[in-house]
Amino acid sequence: MAKVVQAITAKVEAIGKLKNGNYEKYRSVLFLDQAQPPGSEAAKIWKSLSEEEAKDLTQGAIVQLVPAGKDRNGKDKHNILRIDTNSSPTAKQTVHRPDRVPATWSDEQKLALSAQICDHADLMRFCLEVAHEKFAGLADQRDFRALATTLYLQILRQQTDSELNP
């Protein structure tokens with residue numbers, strides 16, 4: 001069963017000194033998951049970031065860690081999305097759909113769009129799995145895609161309705 005991707009709101013707790021790695025220089029960065037109890041081991045998320053990735057981070061900054069698959073060692077990879085320091089760490093970040101595509105995309109826009117695409121891909125995969133499970137032997141491959149698309153659109157419609165009418 002597909003897992004829905006959920007961004008982690010975290011605080012930059014510590015940024016290590018620049019070290020030489022096998023492929024490039026990196027910094028060890030400690031993030032604290034704000035949803036976990038303070039001081040718990042579960043709250044600690046260590047990342048080795050390139051010099052370029054770590055340059056915009058400051059201690060105490062609030063970020064979102066958006067799951068981006070696994071590395072070759074099986075560890076979770078994340079895209080890092082800065083959150084405006086004036087907003088609450090638990091504030092829901094919304095990706096606004098522009099009427100037209102900007103000529104150039106900021107890194108923040110790319111990361112937000114990447115997270116949204118991953119969320120939708122995971123949801124569609126889940127819908128395909130459910131369609132295969134529930135309609136096995138009753139439909140051909142094209143029908144599974146149509147059934148999964150219908151499930152997907154229905155979920156999005158319900159989600160939109162619940163956001164508009166809490």
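Q: How many bridges join strand S5 to S6, and do the two run parallel or antiparallel?

A: Strands are DSSP runs of E with at least two residues, and helices are runs of H or I with at least four, numbered from the N terminus. Two strands pair if DSSP finds at least two bridges between them. Here S5 (residues 62–70) and S6 are antiparallel and joined by 6 bridges. Val 66 has Asn 79 in S6 as its bridge partner. This is a predicted model, in which local features need pLDDT of at least 70, side-chain atom pairs count only at pLDDT 80 or more, and totals for chains, interfaces and linings use all residues. Residues are numbered from 1 along each chain as its sequence is written, and side-chain values use heavy atoms, with hydrogens and water left out.

Q: What lies between S5 and S6?

A: The two strands form a hairpin with 5 residues between them. In the turn, Gly 74 has a positive phi of about 85 degrees.

Q: Is Ser 50 buried or exposed?

A: Buried means under 20% relative accessible area, exposed over 50%, and partly exposed in between (1.4 Å probe, protein chains only). Ser 50 lies in strand S4 and is buried, at 9% relative accessible area.

Q: Which residues is Ser 50 in contact with, leaving aside its neighbours within four places in sequence?

A: Contact means heavy atoms within 4.5 Å. With those neighbours left aside, Ser 50 is in contact with Glu 24, Lys 25 and Tyr 26.
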